[in-house]
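Please look at the structure below.

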Amino acid sequence: MEFKDRRVLITGAAGIYGRWFAEAFAAEGARLCLSDNRAEALAETVRDLKLDPARTLTHATELMSEASILELAGVVGREWGAPDILLNNAGIYPGKLLLETTTEEYDTILGVNVRAVFILTREMAKLMVAEGVKGNVINVSSGASRKMRPSRVLYCSSKTLLERLTKGFALELAAHGIRVNAIEPGFAAGSAVSPLSDKHISEMTAGIPLGRLPTGADAAEAVKFLCSEKASFITGTVLAVEGGNSIRA
């Protein structure tokens, strides 16, 4: 198993994709650090996935708080020295029209989806460089980065910026042997953080060209590929794993 004993930090780990990623890396024998702002949900994730507490770190991280993110970095540094993989999975998907959106809501969307990724990548890259770890950073983006939808303007914009950061960070960290890539995973309904209406879910599902919702393995296999030796010459790329959803009219 290529990822046995690799140290993997996953944000938004108690969410749908976060659990899928945690399960996939645990099955490979990786050591996990699971981050989410919901401490009880994190504990539930560890129990549900039957993760070994001796090989699993958890941290209730408030991604709008730089102090909380730095606290997470401190835990990782003390316990591991550095991660091998940072999976910036956490994100929020609010839906409001411009005339209804407050400045505070703007700050939250960009804060969680972009600013937190910047801080986490900076801090984890510092640890990797100090420890001589030629690691991987994976940012979870969305096909929305290439589209614009009413009421999702800030979300779409945040993912566009995230992909530009991915490419920029890839350029800067290449000198240290650290690769930075992004994936655009498929539409998955059921998030407790960003609830969606039944109508929205039905419309989104009906429009997926390959005719099905994603499974847990779809995005997880893409992440593992990008972090593997098979992808050792890939950095700064964005891989869409969403059944063609982002290319439909």
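Strand β6 (residues 179-185) runs parallel to β7 and is joined to β7 by four bridges. One of the residues involved is proline 185, whose bridge partner in β7 is valine 241. This is a predicted model, in which local features need pLDDT of at least 70, side-chain atom pairs count only at pLDDT 80 or more, and totals for chains, interfaces and linings use all residues. Residues are numbered from 1 along each chain as its sequence is written, and side-chain values use heavy atoms, without hydrogens and water.

Helices (H or I, at least four residues) and strands (E, at least two) are DSSP runs, numbered from the N terminus. Two strands pair if DSSP finds at least two bridges between them. The open sheet has seven strands in the order β3-β2-β1-β4-β5-β6-β7, with parallel pairing. Its edge strands, β3 and β7, each pair on one side only.

| Edge strand | Residues |
|---|---|
| β3 | 56-60 |
| β7 | 238-241 |

Helix α7 packs on the sheet and touches β4, β5, β6 and β7, where contact means heavy atoms within 4.5 Å.

Helix α1 (residues 16-27) also packs with α7 (residues 216-226), and their axes are 9 Å apart. The contact is made by Tyr17, Trp20, Phe21, Ala24 and Phe25 of α1 and by Gly216, Ala219, Ala220, Val223 and Lys224 of α7.

Alanine 26 is found in helix α1. Leaving out residues up to four places away in sequence, alanine 26 touches Leu32 and Leu51. The C-alpha atoms of alanine 26 and arginine 55 are separated by 9.6 Å.

Notes. Axes fitted to C-alpha atoms, helices over the stretch in contact; angles between N-to-C directions.
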